[in-house]
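Here are my notes on the model you sent over. Have it open beside you while you read.

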Amino acid sequence: MSKKDSLLTTPYLQFDRNQWAALRNSVPMTLTEEEIARLKGINEDLSLEEVAEIYLPLSRLLDFYISSNLRRQAVLEQFLGTDGQKIPYIISIAGSVAVGKSTTARVLQALLSRWPERRRVELITTDGFLHPNAVLKERDLMKKKGFPQSYDMHRLVNFVSDIKSGVSQVTAPVYSHLIYDVVPDGDKIVQQPDILILEGLNVLQSGMDYPHDPHHVFVSDFVDFSIYVDAPEALLENWYINRFLKFRQGAFTDPDSYFHHYAKLTEDEAVNTAQKLWKEINWLNLKQNILPTRERASLILTKSANHAVECIRLRK
């Protein structure tokens, strides 16, 4: 197959930054520079320009999809002769550790909640559905955190299923990066949002990723639109190491931090430790479990240096 033929047969439409930015179509900016500064992660650059050129067109596209979904629900209600039940629209965001999934999720939450329709947008991370450390230690999985076997997938699937079924009140466990564990009795109550953003390493995974725990329904079965945030491996490793160094000077200095012992490392020791953690845990998880799910996404955002998105692929 020629290169030209392969481009014609791809399931994705591809846009460079300028082509994508033109699709904003005069959607007004609803975030200030101060708000954008609060939304970005500890090791990320997020400019007003990035929001305007990447995230405003994306929020416009999502608004079209959500409006179309509501019309489809109305057709079903008309056919059944029933009153409308509020069924949230679910957006999932996947990608490697340190790629900036959380920032993407927070920016989209802020933008989507400010459309004229004033939809209520909830954000949940799948970290809360990790098994507690006590369970992971018992199963010798502490070095496999984030791998498929470290999650309580039944609870996560039940949560998403309840949300999509229109259950009026659902609870989600909360994870603390300070204590590196699920917060005991710290569940968050989710009450019928218009939109649920679900962010995590595992939101695009399916049955083939869970041979150790076979079940028939997966998170991806309930998702309306999925996003994969991508970047070259060398950048991901560099971002992970830089983030680790910033945590060493910040969060790790808290005596209550699970990683408080890392605060005493010299910079060279910290870099070596971060490289080891990346290679033995996070890179391995990326190659085995996360990257293989990329082409399942509705949209792929590919980043270059400084966390700037340079390529957008949208499923046809």
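Predicted model: local features only at pLDDT ≥ 70, side-chain atom pairs only at ≥ 80, totals over all residues.

1. Buried means a relative accessible area under 20%, exposed means over 50%, and partly exposed is anything in between (1.4 Å probe, protein chains only). V135 counts as partly exposed, at 23% relative accessibility. This residue is in helix α6 (residues 133-138).

2. Residues are numbered from 1 along each chain as its sequence is written, and side-chain values use heavy atoms, with hydrogens and water left out. Helices (H or I, at least four residues) and strands (E, at least two) are DSSP runs, numbered from the N terminus.

3. Now the sheet. Seven strands make an open sheet in the order β1-β11-β10-β9-β2-β8-β3, and the pairing is mixed. Two strands pair if DSSP finds at least two bridges between them. β1 (12-16) and β3 (121-125) are the edge strands, each with a single partner, so one side of each has no neighbour in the sheet. On average, neighbouring strands are turned by 20 degrees against each other, direction ignored. For angles, axes are lines fitted to C-alpha atoms (for helices, over the stretch in contact), and values run from 0 to 180 degrees between N-to-C directions.

4. β10 deserves a look of its own. It pairs with β9 in the parallel sense over four bridges, and D230 stands opposite T302 there. With β11 (residues 309-315), β10 (residues 299-303) runs antiparallel, joined by five bridges.

5. How many of the residues of β10 are buried? Five of its five. Both faces are covered: L299, L301 and K303 are buried on one side, I300 and T302 on the other.

6. β10 and β11 form a hairpin with five residues between them, and N306 in the turn has a positive phi of about 60 degrees. H307 is in the loop between β10 and β11, and H307 too has a positive phi of about 60 degrees although it is not a glycine. With a relative accessible area of 4%, H307 is buried. K303, in strand β10, is buried as well at 2% relative accessibility. The side chains of K303 and H307 make a polar contact at 2.9 Å. A polar contact here is a pair of N or O atoms within 3.5 Å; within protein, one must be able to donate a hydrogen and the other to accept it, and residues adjacent in sequence count only if both atoms are side-chain atoms.

7. Which residues does UniProt list for "binding site"? The unreviewed entry gives G95, S96, V97, A98, V99, G100, K101 and S102. UniProt positions are in the numbering used here, feature names are shortened, and annotations may be inferred rather than shown by experiment. G95 sits in strand β2 and is buried, at 0% relative accessible area. Leaving aside neighbours within four places in sequence, G95 is in contact (heavy atoms within 4.5 Å) with K101, G200, L201, Y228, V229 and I290.

8. Further along that stretch, A98 is in the loop between β2 and α5. A98 is not a glycine, yet its phi is positive, near 75 degrees; it is buried, with a relative accessible area of 11%. S102 belongs to helix α5 (residues 101-112) and is partly exposed at 31%.

9. Last, the packing. Helix α4 (residues 48-80) lies across β2 (89-95), β8 (195-199), β9 (225-230), β10 and β11, at about 160 degrees to β9. A nonpolar core is a set of buried Ala, Val, Leu, Ile, Met, Phe, Trp, Tyr and Cys residues joined through side-chain atoms within 4.5 Å. The largest one has 90 residues, of which Y55, L58, F159 and I227 touch the most other members. Its largest share, nine residues, comes from α4. Not counting residues up to four places away in sequence, F159 touches I124, F129, V170, T171, A172, V190, L196 and L198.
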